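Trainee: Could we go through this structure together, one question at a time? I would like to see how each answer is reached.

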Amino acid sequence: MQNSAKTPREINDTIPEGLEEIVVRAMQKEAVKRYHSASEMIKDIEEFKKNPSIVFEYKYLSANDGSTRYFDRVQKTPPAQKKKRPKPVVEEYDNDDEEEEGTSKGKAFVLTLTAITAAVVIAVVFFVVALLFEKFGTPTAEFTMPNIIGMDYYEAKAQYPNITFNILSSNEYTSYPKNQIFYQDLEPNHSYKINAECNVKVSAGVKMVSVPDVYGFEYQVAQNQLKNEGFNPVIKKITDDLPLNYVVKTYPEKNELVAPGSTVTIFVSMGPDEKNFFMPNVVTMKSDEAKRLLESSEYGLIVTIEEVDSAEEAGTVIEQSIPEREITNPKTPVTLKVSSGEAPATTVDFIFVIPYGSSGAFTFRMYIDGQVVDETIKDNISYINDVTTSVTARGVKTVIAEVEYNKTGEKAKLAAYSVDFVNGVILERTYYDDEVFDDLTDSCSSNNNNGGSPIYSYNTTTAITTNGYKPEYITDSDGRIVE
């Protein structure tokens, strides 16, 4: 036998002390320190099985000197053959030979009994060692814990047989698909002993919601309901016997369980197939002709005429509310915008620059065809640089600008304009005396403008159209505008 082996607890400190004492005593080199019989050892083993924390207090089990001893293999030796001796003349028994033969037989019996006992003890030791490994595993076997979050539970069990899985819960709804692990209590990348227990939580899947039943609803009502319940509704039109714009079905279908926020396609009826048609183009047609066509049995639309200002010929359709080739149905309302024959009214602004040093109260009037179309009163022009008037009209018109001195009631023309109100453009200007303000405020005995004879000197007015364009002008040292 070799030197004394390590004790079990030196290899694995989790082995109970009582079990270690049984093994060490069974392996003692000196017979007096070993179990005297297998039954004695089995008795200790039974006691340990009843109470694993038992301590037998065999304090003498370690070897005294740690020396190595060797034992000869125990063998059976057949009894020694007696040599035939010559028969003596006188026959007599040899007592010494009989004593020697008896002693040899006794030694052989003791050696045989010792060998049997040793074999039994060795077998029991092997049994105890096997029990140790079965209960406590390989002392040094460890593994690195993987990250199993997101794995299917059954795949994880198959892939990692060295882990003892314990499910804490499997009925929680999460964002993980059904049967996927979403919690583990053993930290990933840490070392653990083989067959370590890992507690996990397994997902019951995403909590599904039911698609609302909106069949037969008007599609806008159905659309709003689905949005309010967190779905993403998408409209798709189909032909069906249901009335126009009513829900035929949905996909996914009503009451089907789906994930929250799913897209739901709403199939909306366009009415029976034979009644659907493409909207014709009636723009440029006369209103009577277009109305007659759209209300015919071929289309059956509900037509409304709306007259609007336009330079197009009176009674001409210039716009339709349902675009050309859009799929529509009978009894659908449609509005036709028809030209009045008159161009739309446009507003043009006129700016009159007040000469430097002028003062007094004046009224500015604008005339078209002898009718006043705008009037602006200024109590004292000495505090302002210019006066703006606005004229709204249609087509091409001549506009006359006039100013009245409020103190005397005397009037004088400022300018005449030819204006294209369709495009908001001044085509032609005629300017009168720029000293009109001074002339009107002079003494009533003199009137230098002689009734407003044109002298074509300085530009006292300009114009600004509705598009914001304002012609630039230059003033002289007295603040007068020059050409």
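**Strands, a hairpin and a surface patch**

Mentor: Keep in mind that this is a predicted model. We begin with a hairpin.

Trainee: Which residue in the turn between β21 and β22 has a positive phi?

Mentor: Strand β21 (residues 410–420) and strand β22 (residues 425–431) run antiparallel and are joined by 6 bridges, and within this pairing alanine 415 stands opposite tyrosine 431 of β22. The two strands form a hairpin with 4 residues between them, and the turn residue with a positive phi, of about 70 degrees, is glycine 424.

Trainee: Why is one side of β12 and of β13 left without a neighbour in the sheet?

Mentor: The open sheet has 3 strands in the order β12-β15-β13, with mixed pairing. Because β12 (302–308) and β13 (317–320) stand at the edges, each has a single partner strand.

Trainee: Which residue of β15 is the bridge partner of isoleucine 305?

Mentor: β12 pairs with strand β15 (residues 333–339) in the parallel sense, over 7 bridges. Helix α7 (residues 287–294) lies across β12, β13 and β15, running at about 170 degrees to β15. The bridge partner of isoleucine 305 in β15 is leucine 336.

Trainee: What is the relative accessible area of methionine 208, and is this residue buried or partly exposed?

Mentor: Methionine 208 lies in the loop between β5 (196–203) and β6 (209–210), and together with Val206 and Leu257 it forms a nonpolar patch on the surface, the three having about 250 Å² of accessible area together. Since buried means under 20% and exposed over 50%, methionine 208 counts as partly exposed, with a relative accessible area of 38%.

Notes:
Residues are numbered from 1 along each chain as its sequence is written. This is a predicted model: local features need pLDDT of at least 70, side-chain atom pairs count only at pLDDT 80 or more; totals for chains, interfaces and linings use all residues. Side-chain values use heavy atoms; hydrogens and water are left out. Patches are made of residues with over 30% relative accessible area and no salt bridge: like charges are joined within 9 Å, nonpolar side chains (Val, Leu, Ile, Met, Phe, Trp, Tyr) within 5 Å. Accessible areas come from the Shrake-Rupley method with a 1.4 Å probe; for residues, only the protein chains shown count as cover. A salt bridge is a side-chain nitrogen of Lys or Arg within 4 Å of a carboxyl oxygen of Asp or Glu. Buried means under 20% relative accessible area, exposed over 50%, partly exposed in between (1.4 Å probe, protein chains only). Two strands pair if DSSP finds at least two bridges between them. Contact means heavy atoms within 4.5 Å. Axes are lines fitted to C-alpha atoms, for helices over the stretch in contact, and angles run from 0 to 180 degrees between N-to-C directions.
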